[in-house]
Amino acid sequence: DELKIQLHDIAPYVKYIMLSCGYEPLMSKHFEGILKMINANYPHMEIGMCTNGMLLDSKARKAIIENKVVNTLFSLDGVTKETVERIRVGVDFDKVVSNILALRDLKRSFNRVFPQMYMDFVLMCSNIHEAPAFVGFCKELGMDLIDFRHLVGNVYFDKHDEMLSSQKEKYNYYRRLIIDESKKHHINVRLPEPFDITTSFNTEALPVVDISHAMSIKPDVQSVEVTDAGDGHVSDIGDNDFSFLSKANCLRPFNEIMIVDQEKILPCSYYSEIMGTLTDENNLYSIFLNEKFQKVRKKKILNRFDYNCLNCPIKANLLPTDIVS
């Protein structure tokens, strides 16, 4: 009910709603109700979601299929149980993979295009050797796209020795192998650009990656009956529709709005200043058009320095934005 009120004024202008990067949407007891509310009241709105897959049980999969979610974004940072559970503390590798396989099979059983299934892989010095094998594994999982991205240090994670900026040759070497595997398995990947160096990586004594355990995991049993509600849809609106802003150094303040902690509004997840809070006097529409938000957009059009963008990983080329052809 709260989300419906928040969306009401801005909904006609919203193409896509994401539930929800930085948080786990399946922890909410209202997850199914939120999907039903959006699907019933705002059928023009495309629904996406980001999950670690631990809670992707039969009930959650049913809600995703029946409410026409257009994409699901997962995160695994390796292809072996040991690596994934070391990095993502508390995750059960077998359970996550089993749940993803069950969603893949459910989608296929209805001959559905959606949800498109995307996978994130955070590249680190200690796991990049698994990245090439990860590509083929993601093909088995039914992924449509793999998004490889560099580790970005922050106040919660300060292991800077894991950042590949300290082992640039290693990244460039494995980047080529990842691209080769993506061609072999016909799966799209996004990858950060190679580091501009001339030195080469020492390939002696490279670790062997055994994916036999990962490949042996079976899909979770779908214990709840699912009704085929028809496939989702994706409109052809994209960044090209913002071509009149081609001189702006960032499009996010123009085509994105983010709710944090159910009340704080940001122009993107990396911006450090809050644009407003949701109160009885404010809603998403009024905040998106307020003077503070407008000043941010003006800075982007005029290419002015913005202190609040200092920690942007896209600006630092740590996150990829284009599919590698």
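Me: Why are Lys36 and Glu32 separated by about one helical turn?

Reply: They are 4 residues apart in helix 2 (residues 31-41), so about one turn lies between them. Helices are DSSP runs of H or I with at least four residues, and strands are runs of E with at least two, numbered from the N terminus. This is a predicted model, in which local features need pLDDT of at least 70 and side-chain atom pairs pLDDT 80 or more, while totals for chains, interfaces and linings use all residues. Residues are numbered from 1 along each chain as its sequence is written, and side-chain values use heavy atoms, without hydrogens or water.

Me: What makes Lys36 and Glu32 a salt bridge?

Reply: Their closest N and O atoms are 3.3 Å apart. A salt bridge needs a side-chain nitrogen of Lys or Arg within 4 Å of a carboxyl oxygen of Asp or Glu. The pair therefore qualifies.

Me: Why is Lys36 called partly exposed?

Reply: Its relative accessible area is 45%. Buried means under 20%, exposed over 50%, and partly exposed in between (1.4 Å probe, protein chains only). So Lys36 falls in the middle class. Glu32, at 22%, is partly exposed too.

Me: How do you know that Asp77 and Arg88 meet in a salt bridge?

Reply: The distance from N to O is 2.7 Å, which meets the cut-off. Asp77 sits in the loop between strand 3 (71-75) and helix 4 (81-87), and Arg88 in the loop between helix 4 and helix 5, so the pair ties together parts 11 residues apart in sequence. Asp77 is buried at 2%. Arg88 is partly exposed at 25%.

Me: How many salt bridges does the structure hold?

Reply: There are 20. Among them is the one between Glu256 and Arg252, with the closest N and O atoms 3.7 Å apart. Glu256 counts as partly exposed at 26%, and so does Arg252 at 25%. Lys81, Glu85, Asp92 and Asp94 are linked in a network of salt bridges.

Me: How do you know that Glu130 has no salt bridge?

Reply: The nearest side chain of opposite charge, Arg86, is 6.6 Å away. Glu130 touches Gly78, Val79, Thr80, Thr83 and Val209, leaving aside residues up to four places away in sequence; contact means heavy atoms within 4.5 Å.

Me: Why is Asn99 called buried?

Reply: Its relative accessibility is 4%, so it belongs to the buried class. Asn99 is found in helix 5 (residues 93-109). Beyond four places in sequence, its contacts include Gly53, Arg61 and Asp220.

Me: Is Lys107 buried or exposed?

Reply: Buried, because its relative accessibility is 9%. Lys107 is also in helix 5.

Me: What makes the largest nonpolar core?

Reply: It has 74 residues, and those with the most contacts inside it are Met119, Phe134, Met143 and Phe148. Helix 5 gives the most to this core, with 7 residues.

Me: Why is Tyr13 called exposed?

Reply: Its relative accessibility is 60%, so it counts as exposed. Tyr13 lies in the loop between helix 1 (2-7) and strand 1 (16-19). With Tyr285 and Leu289, Tyr13 makes a nonpolar surface patch of about 330 Å².

Definitions and conventions:
Lys, Arg positive; Asp, Glu negative; His and termini not counted. Patch = residues over 30% accessible without salt bridge, like charges linked within 9 Å, V, L, I, M, F, W, Y side chains within 5 Å. Areas by Shrake-Rupley, 256 points an atom, 1.4 Å probe, with all protein chains shown as cover. Core = buried A, V, L, I, M, F, W, Y, C linked by side-chain atoms within 4.5 Å.
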